[in-house]
Amino acid sequence: MNCSAFLSFMLVLFQLWPSSPSTHDYSTENTDQSFTAVRRVKRSWVWEPLSVTEEQTSEKPEYIGQLRSDLDKQDGSLKYILTGEGAGSIFTIDEQHGKIYVTQKLDREEKSFYTLRAQVIYRSNQLPVEPESEFIIKVLDINDHEPQFLDGPYVATVPEMSPEGTSVTQVTATDGDDPSYGNYARLLYSLIQGQPYFSVEPKTGVIRMASQMDRETKDQYLVIIQAKDMVGQAGALSATATVTINLSDINDNPPKFQQRLYYMSISEEAPVGTTIGIIFAEDSDIGENAAMNYFIEGDSSDVFDIITNNETQEGIILLKERVDYESKRRYSIQAKAVNRYIDDRFLKEGPFEDKTIIKINVEDADEPPVFTSENYMMEIAEAGVSGSLVGTVTARDPDDDSCPVRYSIVHGMHLNRLFSISEHNGTIITTKPLDREIASWHNITVTATEIRNPEKISEANVYIQVLDVNEHAPEFPKYYETFVCENAVSGQLIQTISALDQDDSAEGHHFYFSLAQEAINDSHFTVKDNQDNTAGIFTAKGGFRRQEQFSFYLPVLILDNGTPPLSSTSTLTITVCDCNTEVNIFYCRYETFMYAMGLSREVLIAILGCLLTLLVLFLAIVAIRQQRKKSRFLEKMEEFRENIVRYDDEGGGEEDTEAFDISALRTRTVMRTHKPRKKVTTEIHSLYRQSLQVGPDSAIFRQFISEKLEEANTDPSVPPYDSLQTYAFEGSGSLAGSLSSLGSNTSDADQSYDYLTDWGPHFKQLAGMYTSHRSVGD
C-alpha cells in the first residue's frame, strides 16, 4: 500500500503524569553512608511532537517522536527507559536522546492503541531524574477495508401493482475502518441495476418501488446495489449486492371464457348425474386469486347443474333431471364464472366474472315404457271374493304412443300369488280372499314390456292396503283371576277389566261394558263402565260364605264401535276367599287349590308330616350305606396288612417299618443267614438263553425261579409280601398244550377238545364251540 495515499495524524497524548512540574529527589551518599543530602527541585518532562500511521512499511525503524527531561544537558549523563505494551519489540527508545521508533507495521483493526511508561535516570547512580510517566499511543486509521454485504444475496417479495414509494427491503453493508474517525466507514448506497422500477435510499439502503408493475407482464426482477465508503469521494472503496425481487399476485384480473359458445349433446336414456361436458374460463392470476365458481342462470338450472373442479378450475355440466327427446329436443343455457375471492381495490375496473352460452341437444333413444307413476297406492276391503278389482296401472312407450305394452307381476319364490294383472290393460285383481289380520299391506312389483322390443322393460311398485272389516267381536285380553273376601262389603271394587279387538279401527277402538241381560236381575255383582275402555267389577251386596257357594260366574257384555258394531259375552269367574276385606292373592290361590283337590287343612298337614318323615328316613339310609362302605374298605386294608408310611425325605430303611413286625411272615424253614445278592441281570440273560435251548420245562429254569423265591423270602432288606410272577412258554410245557394251529399237521377233525370241559366255567363257551364244531364235522 502507498503510504503517500494515507492521511497521517499526530500521536495523541491522552495523559501526562504528572501534569505539573514534579518534585525530584536527588540523594548523595558518602562512602561510609553516614551522611545523606536531599535536594528537592521541581522538574517536568519535555515532549516533542510524535506521529505514527497504521500499515506504514519501512525497512528500518520509523521515528515517531522524542521524550526529553528539562534537566537533560545533552552531556550523556541521563538514560531514558521505555516500558509497557510493545516496548522493546514494537517500540524502541534512544537511551541517550529519548527518541522513540516504531519497528513493525501496525494494524488499527487488530489494536487501536498502546499504553507505555517512560522514565529517565542518572547513568552514574541509576537514580531517577523524573518520576515514571504513563502515556497512550493511538494508532491512526487509514482506509484499508472495503464495504461488505454480509447478508447477501437478498431475496424480497412485494405485491404487484404496489404504489410508488412502497418499501421492498433494506440492504446493509459494513466497513471494518474506524467509524468515529474520518469518512473511511461512512457508506453511500446507489442503484447499479433496476431502473426505472426501483430506487434506493443513499444513506439507509432501503429499496423502494419506483413505479407500478404487473406480475402478469413480469414477475421477477434482478436489482444490483453498490455501497461506497468515504461518502463516495475519490479513492473510496466499494462493494455490490444482488437483490432478487419477486412480485406476488393479487386478484386484478377477471376470468375469461375461451369460447363464447359451447355445443354439447346428451342421450335421453342418460341417468341423472351423467356428465354432459366441461367448460373453462381462464384467469391470469394464480393461486386463490384464480379460484372461481361456476353457475347456471335461468330456468335451465332445474334440468342441468354445474360443479367446479377446484384442481383444474373447470366447470362440469351435469344432468340434474331426465330429459325426453319427444318433449324437448334442445336446450340453451347460460353459464357464469365468478372469482371466489375479490379484491375491493379493483372493483372499479369492472365485475370479476364472465358468461358463456351452452347449446345442448337431446339425442333420441329407444326407451322402455314409462309408468304414469313410479309408485301406486291402492286399497281393497278384506274378505272380498276372488277376482275383486284392486286397481289399474298404466304405462306407455315414450317413443310411440301407439306401440302396445305387456304387463306382468314379478312373483318371488316365497310370495303367495294373491294378485293377478291383465297383460293388456294393467288391471289388478285378487286371486284369493284377503284377511287384514294376517297381512294389512301387500307390496308387488309390476313390469311393462315393449311388444316390439322385449328387452325394453320398466318396473313400478304397487302398495296395496287391505281395509279392515269389523268381523271380530271384542273379548277379554287375558284370563282374569278374581277373588272376593267373605267379609266384603257392598260396593267394593274387586276387579278392573279391559277388552281386545283384532279388528283395526281408523278412529280408534272404544268398548262399552255392561252385565249380560240374563244376570241383571239376579247378580251379586255389578259392572261400571269407566268410559276409557276399562270397567270395574263391584260387589252388589256383602257377606259371602265359601261353604254356601265357592265361586260365581259373572257374564259381561262387551260392545265395540265398529261398523256394524259387534258384541260378545265373556264370563268372569269370581272365587270366594277365606279372608277379610283385603285379598291376599297367594293365600287365596292356596285355598282354591285345596278346595279343588278336596283336601282340608288337617289332611294337608298330615301329608306334609309323612313326606318329612320319609325324607329323614331316606337320609339315614344313605348315611348308613356310606358308613358300611368305609368299614368294608378298612377291613380290606386290615386283610392286606399294609402299613402306609408317608415320607417327606428319602431314606430311613427299616426304621420306617418299625410299626409292623414282619418276622411273623417269614417261615422258620426258610429263615437262614442272609447271603449276598448275585448279579441278577447276568443270571437272567444266561438262564434265558438256556431256556430257549431246552424249553420251558427245563430244570435250570425251575431252579432259577426257586432260588429267586427263596432269596427274596430270606432277604430282610426288601419289603414284605413280594409277589413273584412266574411265566412259562405256551406249548409242550403247558398242561393244556398248544392251542395254536401253527405247526399243526392235523386238522380240527382229527383233534379232540373234550378236555376243555374240565377247565371250568371260564372256558365253557370255548368248549361249547369246539365240541359242537366237532359234532357237525362228524
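Author: Cys485 is buried, and Cys579 is buried as well, where buried means under 20% relative accessible area, exposed over 50% and partly exposed in between, with a 1.4 Å probe and protein chains only. This is a predicted model, in which local features need pLDDT of at least 70 and side-chain atom pairs count only at pLDDT 80 or more, while totals for chains, interfaces and linings use all residues. Residues are numbered from 1 along each chain as its sequence is written, and side-chain values use heavy atoms, with hydrogens and water left out.

Reader: What makes Cys485 and Cys579 a disulfide?

Author: A disulfide is a pair of cysteine sulfur atoms within 2.5 Å, and the sulfur atoms of Cys485 and Cys579 are 2.0 Å apart, so the pair qualifies. The torsion about their S-S bond is about -105°, so this disulfide is left-handed.

Reader: How do you know that Cys577 and Cys588 form a disulfide?

Author: Their sulfur atoms are 2.1 Å apart, and with -95° about the S-S bond the link is left-handed. Cys577 lies in strand E40 and Cys588 in helix H1, eleven residues apart, where helices (H or I, at least four residues) and strands (E, at least two) are DSSP runs numbered from the N terminus.

Reader: Why is Cys577 called buried?

Author: Cys577 has a relative accessible area of 1%, which is under the limit of 20%, and therefore counts as buried.

Reader: And what makes Cys403 count as buried?

Author: Its relative accessibility is 10%, again under 20%, so Cys403 is buried too.
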